[in-house]
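Hi,

Here is the structure I said I would pass on. Have a look at it first, and my notes follow below.

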Amino acid sequence: MATTILKVEGMSCQHCVKAVTGAVGEVDGVSNVSVDLEAKTVTVDHDPDKAPVDKIKFEIEDQGYDVVE
């Protein structure tokens, strides 16, 4: 298991939290998703073989948010 912290722009409310946690949480290999609105971060505990970071980024961006490198 790995823990990845991504900086994400555009999240501002509980709807944003639900959208991101729902989308990322459904990815096979993800065990936990935590969103911090103040820090603008998404922390994901995942199996890198089943849920690579690129897949997680895609799911966040697919919800309309920007993953910042």
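A word on contacts before anything else: I call two residues in contact when heavy atoms lie within 4.5 Å. This is a predicted model, so local features need pLDDT of at least 70 and side-chain atom pairs count only at pLDDT 80 or more, while totals for chains, interfaces and linings use all residues. Residues are numbered from 1 along each chain as its sequence is written, and side-chain values use heavy atoms, with hydrogens and water left out.

Let's start with V24. Not counting residues up to four places away in sequence, V24 touches V30, V33, V44, I56, E59 and I60. Helices (H or I, at least four residues) and strands (E, at least two) are DSSP runs, numbered from the N terminus.

Now the sheet. It is open, has four strands in the order β2-β3-β1-β4, and pairs antiparallel; two strands count as paired if DSSP finds at least two bridges between them. β2 and β4 (66–68) are the edge strands, each pairing on one side only. On average, neighbouring strands are turned by 35° against each other, direction ignored. (Axes are lines fitted to C-alpha atoms, for helices over the stretch in contact, and angles run from 0 to 180 degrees between N-to-C directions.) Between β1 and β3 there are six bridges, and A2 has H46 in β3 as its bridge partner.

Both helices lie across strands. α1 covers β2 and β3, at about 160° to β2, whereas α2 lies across β1, β3 and β4, at about 30° to β1. In α2, the buried residues are I56, K57, E59 and I60. Viewed down the axis of α2, these fall within an arc of 160° and so line one face of the helix; the arc is that of the directions from the helix axis to the C-beta atoms. β1, α1, β3 and β4 are among the elements that cover them. D54 and D62, on the other side of α2, are exposed. Just after α2, G64 has a positive phi of about 105°.

V35 sits in β2 and counts as buried at 18% relative accessibility. Leaving aside neighbours within four places in sequence, V35 is in contact with M11, V17, V20, T21, T41 and V42.

Finally, what about disulfides: how many does a search of the whole structure find? Zero, with a disulfide taken as a pair of cysteine sulfur atoms within 2.5 Å. The sulfur of C16 is 3.6 Å from the closest cysteine sulfur, in C13, which is too far for a bond. C16 is buried, with a relative accessible area of 5%, while C13 is partly exposed at 32%.

Cheers

Note on methods. Buried < 20%, exposed > 50% of the residue type's maximum accessible area, 1.4 Å probe, protein only.
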